[in-house]
Amino acid sequence: MSVPRNGAAALASTLAAAGVRRLFTLSGNHIMPVFDACLDAGIELLHTRHEAAAVHMADAWARLTGEPGVALVTGGPGHANAVSALYTASMAESPVVLLSGHAPHAQLGMGAFQEMRQTDIAAPLAKAATLAASADSLPADMLRALRLAGSGRPGPVHLSLPTDALEAACTQPLPEQTGAGLAAPLAQALPADTARAVLDTLAQARRPLILTGPAAMRGADQQAANALEAACGIPVIGMQSPRGVADPALGAFAEILAQADCILLLGKRLDFTLKFGAAPAIAAACAFLQIDADAVEFERSRRAVGERLGLTAQADHGTALAALRDACAGYTPRHAAWTADVRAALAYRPAAWATATAKQQGRLHPYQALAPVQALLDRHPNAVLVADGGEIGQWAQAILHAPDKVFNGVAGSIGAALPFAAAASLARPGAPVVAVLGDGTFGFHAAEIDTAVRYRLPFVAVVGNDARWNAEYQIQLREYGPERTVGCELLPTRYDLVTQAFGGHGSLVTMAEAVTPALAQARGCGLPACVNVMIEGLPAPVVRR
């Protein structure tokens, strides 16, 4: 067993041994030893233009590949820039590891360069935030962070890297084991008898539902959720929108949720997205069951619904899906009519959308702008849809579907679309990647077009340009009246020309018949591309039958 020359080499070698192929990063003083060590370890450094973008890229990579996404940023202000993106990853239940350079141990409390209480800053947004103790501790610290990010309810983990730990000589050899199993998540199994008890309780209900959280809506877990529904005949519905019961991606979900008489929360928090279980969103007599990796969620649910919460069990969503599926052996589904009605409600979209037009000349209704995108997504089995922004993001989620989706999610925070799209292009080479975002969103990380150009990561960014922060404008309009709208105005900026200036492709669309040709040019150019569509600023859809 070889002994790495220093802590940075130990860190990089451990990452490589665990199967981490690349780091999403932005250079800085504190992490130069890691940059150097990655050359010898064969780890690619994909460098971005902003630290938060590095975290967003790691987040999208983790969601699409199932691997931990690892971001590396410098200490102090670099760390502070990155931390905001942890919230989106946390609420999306995405296994991300943020590595941040840090002032040396020997100088802490003495006014070191960019000294900051980094773990205290990251802790509220991460499953754990740790300061590495020494060069010899770095391999174990790194493996622990990777394992924790994917265990239980997945989420971000932070590890700060003091420069003296990175530069100090190592005394301990690295473990000989390699591969993803080196830092494999720890399973929390659902006992078979508990799974059967849950299934029996659901079977006795007339209108049962199984609700999952974001982590069960990706890859193999989504397939397992589909298999469970097929086996038990009870609707399994994933939720990942801050609009909750009014999520337009779920059609007339609010209607059927209000009819449910028994709900299994399978890794799904009983939070604001479910109106905390209160009537009229959920019937006052509706019973709840809950399976969750975090026992604290049971107490939160009891606080909301009291004795209506019956059976609870601590297990991660993946093993729970498998155990429930196994419990269906010999089970005869008995909710066919209810499940058919639920699926019809989820699929419902108003027919009037198909003929909607904008009232303003030179503008498009959001449906006119987005409906043609579906043909592009349908061309490839691995197409990816990214949706971000306020109202336009909700229109996209209501209208479009794709094999893989990366949304800004329950956090409701905007700005991640462009780094999401670049990482999706990396994770799904050759597949169409379409990001639908608002003009406000574009401004957060416009410079990541430069990143995508440098790394030849093509995607199509469809910008719904209504020249304002429309979600907030709609709140002002609704709550205070048209004469009291303020602070939401933007310019009708030519984001297509901004994209061209960074080396990408851009086109401006002001007529409905120009959308499809513009999409074809954008997809065919092999570059990061922006289709800047001037739209009418309408509120997000609320779907009702």
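Predicted model: local features only at pLDDT ≥ 70, side-chain atom pairs only at ≥ 80, totals over all residues.

1. Residues are numbered from 1 along each chain as its sequence is written, and side-chain values use heavy atoms, without hydrogens and water.

2. The structure holds five aromatic pairs (rings of Phe, Tyr and Trp, the last by its six-membered ring, with centres within 6.5 Å; planes under 30 degrees apart are stacked, over 60 edge-to-face, the rest tilted). One of them is the tilted pair of Trp-353 and Tyr-367, at 6.3 Å centre to centre and 50 degrees between the planes. Trp-353 sits in the loop between helix 13 (336-347) and helix 14 (366-370), while Tyr-367 is in helix 14, 14 residues apart (helices are DSSP runs of H or I, at least four residues, numbered from the N terminus).

3. Trp-353 is buried at 10% relative accessible area, and Tyr-367 is partly exposed at 22% (buried is under 20%, exposed over 50%, partly exposed in between, with a 1.4 Å probe and protein chains only). Together with Trp-395, these two residues, Trp-353 and Tyr-367, form one aromatic cluster.

4. Phe-442 and Tyr-495 are both buried. Their ring centres are 4.8 Å apart with planes at 50 degrees, so this pair is tilted. Because Phe-442 lies in helix 18 (residues 439-442) and Tyr-495 in helix 21 (residues 495-501), the pair ties together parts 53 residues apart in sequence.

5. Finally, Arg-468 lies over the face of Tyr-473, 3.8 Å from the ring centre (NZ of Lys or CZ of Arg must be within 6 Å of the centre and within 35 degrees of the ring normal).

Key
Helix = DSSP H or I, 4+ residues; strand = E, 2+ residues; numbered from the N terminus.
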